[in-house]
Amino acid sequence: MKSSTFEEKLEESKKILNLLMNPQITLEESIRLYEKGVKEIKSAQKMIEEAKVKIELIEEKKYEK
């Protein structure tokens, strides 16, 4: 399974949100989409946290020299 970029995860989350706004979808479909959306957002948040740690490490190394 291909790993998605942060931007792809945000785009997928937007698509899911648009689908959830459709009053014609069933409750079961709404729950499935909601669950998928939460997974995408959590994954994107993890990417942000990992990037933050990398930046902090770079900054620390910059001042060690």
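Predicted model: local features only at pLDDT ≥ 70, side-chain atom pairs only at ≥ 80, totals over all residues.
Residues are numbered from 1 along each chain as its sequence is written, and side-chain values use heavy atoms, with hydrogens and water left out.

Let's start with the packing. Two packed helices are described by the angle between their axes and the distance between the axes. Here, the axes of α1 and α2 come within 9 Å and cross at roughly 155°. Helices in this text are DSSP runs of H or I with at least four residues, numbered from the N terminus (strands would be E runs of at least two). The axes themselves are lines fitted to C-alpha atoms, for helices over the stretch in contact, with angles running from 0 to 180 degrees between N-to-C directions. Angles over 145 degrees count as roughly antiparallel (under 35 is roughly parallel, 65 to 115 roughly perpendicular, the rest oblique), and α1 and α2 are therefore roughly antiparallel to each other. Their crossing is left-handed, meaning that the near helix is turned anticlockwise from the far one by less than a right angle.

Who does the touching? With contact taken as heavy atoms within 4.5 Å, the α1 side includes Phe 6, Lys 9, Ser 13 and Leu 20, and the α2 side includes Leu 33, Gly 37, Glu 40, Ile 41 and Ile 48. By class, the contact of α1 with α2 has 10 nonpolar, four polar and four charged residues. In that tally, Ala, Val, Leu, Ile, Met, Phe, Trp, Tyr, Cys and Pro are nonpolar, Asp, Glu, Lys and Arg are charged, and the others, Gly among them, are polar.

Now zoom in on Ser 13, which sits in helix α1. Leaving aside residues up to four places away in sequence, Ser 13 touches Gly 37, Glu 40 and Ile 41. Its relative accessible area is 14%, so Ser 13 is buried (buried is under 20%, exposed over 50%, partly exposed in between, with a 1.4 Å probe and protein chains only).

Glu 40 turns up again in a salt bridge, where its side chain meets that of Lys 9 at 3.8 Å, N to O. This pair links distant parts of the chain: Lys 9 belongs to helix α1 (residues 6-20) and Glu 40 to helix α2 (residues 27-64), 31 residues apart. Both ends are tucked away by the accessibility rule: Lys 9 is buried at 11%, and Glu 40 is buried at 17%.

How many salt bridges are there by the rule used here? The count comes to four, where a salt bridge is a side-chain nitrogen of Lys or Arg within 4 Å of a carboxyl oxygen of Asp or Glu. Another one joins Arg 32 and Glu 29 at 2.6 Å, N to O. Being three residues apart in helix α2, Arg 32 and Glu 29 are separated by about one helical turn. Arg 32 is partly exposed at 42%, and Glu 29 is partly exposed at 26%.

Further along, Glu 59 and Lys 62 form a salt bridge at 3.2 Å, N to O. Both lie in helix α2, three residues and about one turn apart. Glu 59 is partly exposed at 32%, as is Lys 62 at 46%.
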